[in-house]
Amino acid sequence: MYDIKMVREDFPILSRKIYNRPLVYLDNGATTQKPRCVVEAMVDEYYNVNANVHRGVHFLSQQATDLHEQSRETVRAFINAQSAAEILFTRGTTESINLLAFCFGEAFVRTGDEIVVSTMEHHSNIVPWQMLCERKGARLRVIPMADDGTLLLEDYRALFNERTKIVCCTQVSNVLGTVNPVKEIIGEAHRRGVPVLIDGAQSTPHFPVDVQELDCDFFAFSGHKIYGPTGVGVLYGKEEWLEKLPPYQGGGEMIKNVSFERTTYNELPYKFEAGTPDYVATHALARALDYVSALGMEQIYGHEQELTRYAMERLREVEGMRIFGPEEPHDAVVSFLVEGIHHLDMGTLLDRLGIAVRTGHHCAEPLMRRLGIEGTVRASFGLYNTKEEVDALVEGVKRVVKMF
Ligand code: PLP
């Protein structure tokens, strides 16, 4: 059973008071809080193990290397990749996508080629592709969106032509909570021989992900959004694709042999991992994945879905309330606006009540433009949030409405 009281005890920060009120942390889409086991793993490694990985013959270096490589295996199992060689450690989703845009672009994108993204992408799944387009004289094509916040798949199919090189789409919108039919999106691309990158930043923390089942070619996510540390993330790539890509950065670790005349590159995944990795963070990320796996991703999904439904239902009690995104399937993010109240005012006043929400464009300006708004107030849920916290949010919103 999902014992929320016990779960919350694993997160010391949740007992903090903000302006003398209990903290209600509803900004999990931006980053999640960390359970003790994650922080303790980091402290323990720095106190007792710390040594650079892969290079040393000495005991500590080997122990640190084992922890780092076992973490890669934990990530592999968590997303069900076929092999640990397909798991690249990066600094986060943003770096994962930049890596792919650079390497894929170098190998496969030429003048006149096209790259498909969707209307609801985070800037980190737009700008790296745009930069690639500028470098190569290629162009972005955009999957349009219906008013309810779902992608228009007929229009998506119509975007393909012989110049389409890759499709890049988020699994869950960080603004709308839309869960995109990525399996169908991938299937459509594969029928035309086009590979697909899925941005899993907002999906991996909330429900089970199986990259083999999805059959995506690339998949990116961030450690800090799934109760792990900042500064570490993952790019999954099918081995057959990664083998075809040139390296990203040059330096130590990514090489086999170096001479002034010629350098040969290391095998996967090291070819893409120049320099000393954040091995303490990779280890702590693995502990975070163990933590959510022990709770059960299905259980987390069930709990958060209940909260999301409850929040949408209760927020609708507020006059002038507009909730964005589709009714179903809708993940643990609720974006809203109340008529006549600026999102920034709402966020600032909720903060005074100890309620942490996010306001603004959520790094999705093209989506804001499509919706004809400047920004929203966004409450995003994590595995430790409660119905009482949703009640606090709703009462807070009502109080702000009264003030206006
Ligand atoms: N993609 C989506 C859908 C996101 O929500 C975010 C962060 O909010 C990112 C990418 C970028 O993640 P990071 O800042 O961890 O690299």
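Reader: In which loop does Asn80 lie?
Author: This is a predicted model, with local features given at pLDDT of at least 70, side-chain atom pairs only at pLDDT 80 or more, and totals for chains, interfaces and linings from all residues. Residues are numbered from 1 along each chain as its sequence is written, and side-chain values use heavy atoms, without hydrogens or water. Helices (DSSP runs of H or I, at least four residues) and strands (runs of E, at least two) are numbered from the N terminus. Asn80 lies in the loop between helix H3 (59-79) and S4.

Reader: What is the phi of Asn80?
Author: Asn80 is not a glycine. Still, its phi is positive, at about 55°.

Reader: Which residue does a cis peptide bond join to Leu268?
Author: Omega at this bond is about 0°. The cis bond joins Leu268 to Pro269.

Reader: What is omega at the cis bond between Glu328 and Pro329?
Author: Pro329 is in the loop between strand S13 (321-323) and strand S14 (333-338). The cis bond from Glu328 to Pro329 has an omega of about -20°.

Reader: How far is an oxygen atom of the ligand from an N or O atom in the side chain of Lys225?
Author: Polar contacts here are pairs of N or O atoms within 3.5 Å. A polar side-chain atom of Gln202 lies 2.7 Å from a ligand oxygen, and one of His224 also lies 2.7 Å from a ligand oxygen. For Lys225 the distance is 2.6 Å.

Reader: Which residues lie nearest the centre of the largest pocket?
Author: A pocket is an open set of points on a 1 Å grid over the protein atoms alone, where a 1.4 Å probe fits, with protein on both sides within 12 Å along at least five of seven lines; lining residues have an atom within 4 Å of a point. The lining has 24 residues. Nearest the centre are His122, Asn174, Gln202, Lys225 and Cys363.

Reader: Which elements give two or more residues to the lining of the second largest pocket?
Author: This pocket is lined by 17 residues, with Phe89, Thr90, Arg91, Glu95 and Ala274 nearest its centre. The elements are strand S4 (87-90) and helix H4 (93-108).

How values were computed
A polar contact is a pair of N or O atoms within 3.5 Å; within protein, one must be able to donate a hydrogen and the other to accept it, and residues adjacent in sequence count only if both atoms are side-chain atoms.
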